[in-house]
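Have the model open and follow along.

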Amino acid sequence: MTEAPIVTVRDLVKTFPVRGRPGEPKRTLRAVDRVGFDVLRGETLGLVGESGSGKSTTGRMLVGLISATSGTVELFGHHIAGGAEKGALNKVRSRLQFVFQDPQNSLNPRMRVGDAIAEPLDVAGGLSRQARNDRVQELLELVGLPRSCGDRFPHEFSGGQRQRIGIARALALRPDFIVCDEPVSSLDVSMQAQIVNLLLDLQEQLGLSYLFIAHDLAVVRNISTRVAVMYAGGIVEMAPKRDLYAAPKHPYTQALLAAVPRPVPGRARAPSVAGELPSLIDPPKGCAFHPRCPFAFDRCRIEKPRLNPVEGGHAVACHLHEAGGSGTSAL
Amino acid sequence: MTRVPLLSVENLTVQFRGDSGWVTAIEDVSFEIGAGENLGIVGESGSGKSVSALSILRLHGRANTRYASGAIRFGGRDLLSMSERELRKVRGGDIAMIFQDPMSSLNPVLTIAEQIIEPLQLHQGLSSAAARRRAIELLEMVRIADAGRRIDEYPHRLSGGMRQRVMIAIAIACQPKLLIADEPTTALDVTIQGQILELLRDLQREIGMSVVLITHDLGVIAEFAQRVLVMYAGRVIEQAPVAALFNRPMHPYTDGLIDAVPKLDGDLHRLTTIPGSIPDLATVIPGCRFNPRCREAMDVCRRNAPALLPVGPDHLSRCPPRAAARGAA
Ligand SMILES: Nc1ncnc2c1ncn2[C@@H]1O[C@H](COP(=O)(O)OP(=O)(O)OP(=O)(O)O)[C@@H](O)[C@H]1O
Ligand SMILES: Nc1ncnc2c1ncn2[C@@H]1O[C@H](COP(=O)(O)OP(=O)(O)OP(=O)(O)O)[C@@H](O)[C@H]1O
Ligand code: SF4
Ligand code: SF4
Ligand SMILES: [Mg+2]
Ligand SMILES: [Mg+2]
């Protein structure tokens, strides 16, 4: 593809200082560790990983909600992190939006939903009262809600409807790129399906690009163009959707796929991968996944694998998959 | 059938006080669960799963709740007519409950030890040394590594999966006959979810308890439950053994729930959805409550409220047109 990506992320790092127990020295938590990816116009990058793997921190740095410790983020050709260009974020701010996981907490309970949707328009200014109200109605319709419901308050809506309101608000300034941080995780399966379909329709109509965050590979399968799997702050595998689901290469991706519950009675889930995400303050030496990896060998405990391209846009960070690696399709 | 159920809920109707009078949250709900059995309750958000489960132990706020009709039989007695004092002995004793969010049911200012030891002393009269030993044993049973040390931690130092294990340890402390688990894995990662379900199954075998598992995810139901209750808008709309429910669903709403589960195979683009959303409690829908969302609705569905009827072995459904089409019963 020759088109320039609209989002380019390189070597992005975020650390947080953490206070130890009384008397212990200050330490750092490495939440995001040298993450890099591109997002092209009109595509969706799915970002998947367990709780605490660094997904939200990555998404927040992309839209400038928090600053990066190091590394670069380039949006629509402007460096917003790492680059010296001051005010670059302001140039692209209206083209970026963020949709939060919890529609309950991201809407002000005392604000009518029409005003909540119009808030970004009001902040930007320049619209007549009439034009603003027309735009609110248009947005409500766009997300599948009655045009007339702008006078109501958030508590009068179900969880799925509140998420539609959050999406309408995100669309108000006609963004090009939206970070959706687990927009369906707090919804039941039928509302999840409706919201995923809505995001797909909007993408088609408006040419949007998404970074779509989830903790479950099944949830991002329909919406993603490509999928990146995060573990302990780093991307361990990234591939076009078809390749990732048909031929996952990283043992962690394989474990995540095996863990997806399926609506087939009597089919026991594959034995779950033991253990939990490691400490980010005192991470394991070598490959961060080695304490849970069924294939770990000596080198894994010493040397950290880098994200290496293997074939056709598929990249893996695992010592089994470097040039000359033996592969692990057996899991 | 002559099976004597451990618990049977009979024609339960529960109402809450609303701004303009009482509203009905669940209506005429009946089900039973045998000793050592796994019952799954599934339905969209707001369908009445938690209201049903919380009613078993009368955990709704007393001032604003009315158990308008029905009985809940457990060990030959009706939990609905028991005194509050007697019921307290059942709660955390023979019947235990765990919730979706372990952080909201664990006390943040008490250590894990303090929270497990208290029920042991209360229900089993153990000395504090014996209770501590038993507490460590329980944490080991829920596979918490290094239990002897972790027991003195505060909840916020544990991961979500560990907290849910602690909740399970507290719940099984008194060897309950019945464990009610309301979305115990919904807030957890799929890998941890798998570990917790595995743990529940192992514990069930070890101590022979029955489990009521509530979830909106039919993937979890398929994996865990033996019998399934499907709820919609406060009513049971289908009840079946798990294999029959998936292989021969007898209600269009059940079809919709099965189709909505995100899958690893099948159509790569749009997902199948149930159009619309669950009505709120105050909305009156004549006839079948699902009819505004049902692709198979007919005129009769808008007139007559369908009854829950047998459609196969141990299989009930509240959709007469589907039953007729499939030639059931
Ligand atoms: N402001 C902060 N201060 C200190 N630590 C933080 C802060 N924000 C995030 N972290 C830590 O960084 C790590 C990554 O967090 P992040 O929220 O990005 O994970 P996530 O993948 O989005 O997880 P989840 O699925 O739970 O949302 C976690 O260990 C978290 O506790
Ligand atoms: N204490 C209460 N007072 C008034 N209404 C209530 C109360 N508890 C529940 N409801 C209402 O009863 C209906 C059923 O709620 P319930 O909590 O049983 O749903 P659920 O199936 O458990 O959904 P979820 O998947 O969201 O937990 C909902 O409309 C809810 O708003
Ligand atoms: S590098 Fe080693 S430990 Fe890490 S995933 Fe690959 S095989 Fe497993
Ligand atoms: S009774 Fe009618 S409306 Fe209700 S589920 Fe069956 S076909 Fe649909
Ligand atoms: Mg997050
Ligand atoms: Mg509930």
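1. Start with the polar side of the contact between chain A and chain B. Bear in mind that this is a predicted model. Across this interface, 13 residue pairs are in polar contact, counting pairs with both residues at pLDDT 80 or more.

2. Which parts of chain A face chain B? Four helices of chain A, namely α7 (189–206), α8 (217–221), α9 (241–246) and α10 (251–258), each bring at least two residues to the side that touches chain B. The top contributor is α7(A), with 11 residues.

3. As for the make-up of that side of chain A, you'll find 20 nonpolar, 12 polar and 13 charged residues there.

4. How many salt bridges link chain A and chain B? The rule picks out one across the interface. To look at a salt bridge yourself, go to B:Arg270 and A:Asp201, whose side chains meet at 2.5 Å, N to O.

5. Now the overall extent. On the chain A side, 45 residues are in contact with 46 residues of chain B. Interface size is often quoted as the accessible area lost when the parts come together. For chain A and chain B that comes to about 3900 Å² buried between them, with 54% of it on carbon and sulfur atoms.

Note on methods: Residues are numbered from 1 along each chain as its sequence is written. Chains are lettered from A and ligands numbered from 1 in the order in which they are written. This is a predicted model: local features need pLDDT of at least 70, side-chain atom pairs count only at pLDDT 80 or more; totals for chains, interfaces and linings use all residues. Side-chain values use heavy atoms; hydrogens and water are left out. Contact means heavy atoms within 4.5 Å. Buried area is the accessible area (1.4 Å probe) that two parts lose on being put together, summed over both. A salt bridge is a side-chain nitrogen of Lys or Arg within 4 Å of a carboxyl oxygen of Asp or Glu. A polar contact is a pair of N or O atoms within 3.5 Å; within protein, one must be able to donate a hydrogen and the other to accept it, and residues adjacent in sequence count only if both atoms are side-chain atoms. Ala, Val, Leu, Ile, Met, Phe, Trp, Tyr, Cys and Pro count as nonpolar, Asp, Glu, Lys and Arg as charged, and the others, Gly among them, as polar.
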